[in-house]
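User: Hello! I am new to this structure and would like to learn how to read it, one feature at a time.

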Amino acid sequence: MEHSYLIKPMLASHYPTAVYGKGIYIYDEDGKAYLDGSSGAVTASIGHAVPEIIKAMTKQAEKISFVYRSQFTTNEAEQLARTLSEIDFIKDGHYSSFFVNSGSEATETAMKIAIQHWQEQGRPTKNKVISRWTSYHGITMGALSLSGHSERRHRFVSLLDDLPTIPAPYCYRCPFNQTYPSCQLKCASDLEAAIHRIGAEHIAAFIAEPIIGAAGAVIVPPDGYYERIKEICDENEILFIADEVMTGIGRTGKTLAMEHWNVIPDIIALGKGMSAGYTPIAATLASEKVLDPILQGSKIVMSGHTYSANPQSAAVSLAVLEYIEKHNLINEAEEKGAYLLAELQKLAEHFSMIGDVRGKGLMVGVEFVSDSLSKTPFPKKLDITNSIVLAARDKGLLIYPASAGIEGGEGDAVIIAPPLTIKKEEIDQLVELFKKTITDIQKSKEVHHDE
Ligand code: PMP
């Protein structure tokens with residue numbers, strides 16, 4: 001095998017070399033086009049090579065290359081923080097932003113701010129964060145301690161904090177074997193049970209992805225879930241952190257996904273969609289209520305990275321937010337997403353290996369099963385998810401491998417989340433390529449069974 005000096009996620013796999021992108025397509029060195037059906041990792045939300053963003057990038061690069069956050073602020077970072085605080089849904093909370101470079105850093109900073117919030121009030125024992133076992137909050141040790149994504153965490157458990165978790169609101173396979181609404185949202189009241197078990201005096205915050213991404217392939221909770229969760233948090237003096245790294249900035253048809261339930265978080269983690277992949281930037285937003293004790297106490301949020309609030313990234317993020325607003329992409333995501341979901345749900349009628357198709361806006365999950373009636377998962381060794389992702393790539397379609405949500409990260413599933421700029425005829429093309437992929441995989445599976 002030819003030597004490669006670049007460590008890749010799967011060392012043994014063949015990776016095409018991306019050379020350029022235009023709109024929702026990426027082209028490799030042979031000129032082959034790939035329809036970016038997952039916006040990379042649900043990131044490139046306005047597509048590639050958008051002239052307005054390139055212009056903003058170049059303009060900023062001509063001004064200054066870097067400033068260190070404890071020496072200077074910049075107009076770009078200040079303006080970005082102001083723009084985020086003016087998101088309609090949260091503006092009454094007077095949120096401030098702490099800029100970082102990745103979603104993992106944003107969720108870790110959220111944890112730190114939550115713990116500090118209580119420390120500064122003389123309550124240092126409130127220092128644990130509850131999460132849901134079926135979740136993904138990032139790859140660094142702190143964030144992995146929150147996530148139950150077993151594939152990504154199991155090798156490192158010796159280094160992870162043993163934090164409390166509760167089951168996810170995964171109605172397709174209810175962890176309590178119940179059905180909505182007769183379940184009376186047991187998945188939400190389980191948070192209360194966990195708090196009583198551990199003691200509210202030991203808990204700083206509860207963290208959740210509004211819609212579960214990588215660990216559950218777009219698990220959308222039933223109505224009433226977040227209302228109940230927030231009530232439980234408030235009753236027990238526990239901060240609610242919404243990890244909107246994947247759902248944030250329009251992906252689900254609202255600027256922030258929590259808006260679907262009108263439940264306002266105390267702390268919000270943002271990433272991916274903030275700069276649509278053009279530069280690395282992420283943010284932790286904390287409300288005035290959360291920050292006040294810190295401002296009146298030590299006056300320092302104890303976190304930070306060299307590249308925090310990088311002016312180039314801030315300028316790019318501002319341009320991306322402006323582009324999304326100018327082109328009405330958030331409202332369109334709701335409409336186009338409903339169409340994509342309906343088209344993919346139609347496929348489920350034709351393919352027994354499609355167990356569930358679920359989603360909100362342009363974030364759709366497809367869960368695969370060996371038998372759709374019994375919902376039996378495929379044996380892990382068949383590696384169905386990767387076979388599908390690779391077969392789709394061969395056909396020129398990029399989709400995101402995810403876990404179905406079983407036991408914190410098991411089961412086969414993919415996420416389909418194209419750029420918000422996708423056109424209706426491109427959605428048709430995406431669905432057609434996906435259909436061809438599943439046709440081939442289902443056929444090969446039948447051959448496999450017949451053998
Ligand atoms: N939180 C969520 C909900 C995510 O989806 C991700 C990334 N998939 C992260 C955190 C971590 O973000 P990053 O990869 O940028 O560190």
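Analyst: Let's start with a definition: helices (H or I, at least four residues) and strands (E, at least two) are DSSP runs, numbered from the N terminus. The protein chain here has 13 helices and 15 strands. This is a predicted model, in which local features need pLDDT of at least 70 and side-chain atom pairs count only at pLDDT 80 or more, while totals for chains, interfaces and linings use all residues. Residues are numbered from 1 along each chain as its sequence is written.

User: How many residues does the protein chain have, and what share of them counts as buried?

Analyst: A residue is buried if 20 or more other C-beta atoms, placed from the backbone, lie within 10 Å of its own. Of the 451 residues in the protein chain, 49% are buried by that test.

User: Into which domains is the protein chain divided?

Analyst: Domain bounds come from an automatic or database domain assignment. Here, domain 1 covers 18–49 + 328–450, and domain 2 covers 54–326. Their centres, taken over C-alpha atoms, are 26 Å apart.

User: How many residues does each domain give to the contact?

Analyst: Two residues are in contact if their C-beta atoms, placed from the backbone, lie within 7 Å. Domain 1 contributes 37 residues and domain 2 contributes 39 residues. Among the elements giving two or more residues to the domain 1 side are α11 (329–350) and β11 (354–360).

User: What about contacts along the sequence?

Analyst: Taking contacts between residues at least 6 apart in sequence, 73% join residues at least 24 apart.

Note on methods: Buried ≥ 20, exposed ≤ 12 C-beta atoms within 10 Å, placed from the backbone.
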